[in-house]
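Hi,

Here is the structure I said I would pass on. Have a look at it first, and then read my notes below.

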Amino acid sequence: MTRAWTLPLLFLLCGSAVAGTALGESPGRAAVILLVFVLLAVAHSPLVFPRSVSVEEARRLSAVDGRPIVFWRPGCRYCLRLRTRLGRHAHGLHWVDIWRDPAGAAEVRAVNGGDETVPTVFVAGRPYVNPDPRWVRARLSPPE
């Protein structure tokens, strides 16, 4: 779990240090710098993603409701891109944080030639590596 928070904490520490040096020159500038680093920390934290489940639970839930499974990790810009472009539809997927779930990481390595390439999305048991968010969204809702 600490690995997931390493990058956000690094952003906060660096932002505090940079804002601290700018504080003497301009408090307003220091506040803006700190705000930028806080936003970066939040964007790269597990907070912006729906609750992660284990790969076993995700498989079980997906078998019941047919929703796709997304394997992701904090700090991955492609995962963040997928998450932000899905918007409110992101809660319609089952999210597995591969840094929290070793079985999930093994699953991703198995389909990516030993690499932990994320996001890897499983739809009906088939893996898709870094799919287009529009394509993923289309798999969430039935056609009308």
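Let me start with a question: what covers the buried residues of H3? The cover includes strand E1 (69-72), strand E2 (94-97) and helix H5 (102-111).

Before the rest, a word on the source. This is a predicted model, where local features need pLDDT of at least 70 and side-chain atom pairs count only at pLDDT 80 or more, while totals for chains, interfaces and linings use all residues. Residues are numbered from 1 along each chain as its sequence is written, and side-chain values use heavy atoms, with hydrogens and water left out.

**Helix H3**

Helices (H or I, at least four residues) and strands (E, at least two) are DSSP runs, numbered from the N terminus. Cover here goes by contact, meaning heavy atoms within 4.5 Å. Buried stands for under 20% relative accessible area, exposed for over 50%, and partly exposed for what is in between (1.4 Å probe, protein chains only).

H3 spans residues 55-65, and its buried residues are Val 55, Ala 58 and Ser 62. They sit on the same side of H3 because they cover an arc of only 55° around the axis (the arc is that of the directions from the helix axis to the C-beta atoms). An α-helix has 3.6 residues a turn, so residues three or four places apart point the same way. Turn to the face away from the buried side and you find the exposed residues Arg 60, Ala 63 and Val 64. Just after H3 comes Gly 66, with a positive phi of about 75°.

**The cores**

A nonpolar core is a set of buried Ala, Val, Leu, Ile, Met, Phe, Trp, Tyr and Cys residues joined through side-chain atoms within 4.5 Å. The largest one has 24 residues, of which Val 70, Phe 71, Leu 82, Leu 86, Trp 95 and Val 96 touch the most other members. Two or more residues each come from H3, E1, helix H4 (77-86), E2, H5 and strand E3 (120-123). E1 gives the largest share, four residues.

**Salt bridges**

The rule is a side-chain nitrogen of Lys or Arg within 4 Å of a carboxyl oxygen of Asp or Glu, and the count comes to six. One of them joins Arg 59 and Glu 107 (2.2 Å, N to O). This pair links distant parts of the chain, with Arg 59 in helix H3 and Glu 107 in helix H5, 48 residues apart. Arg 59 is partly exposed at 40% relative accessibility, and Glu 107 is partly exposed at 21%.

Another salt bridge pairs Glu 25 with Arg 29, their closest N and O atoms being 3.2 Å apart. Glu 25 counts as exposed at 60% relative accessibility, whereas Arg 29 is partly exposed at 48%. Arg 51 and Glu 57 also form a salt bridge, with 3.9 Å between the closest N and O atoms.

That's what I have so far. Enjoy the browsing!
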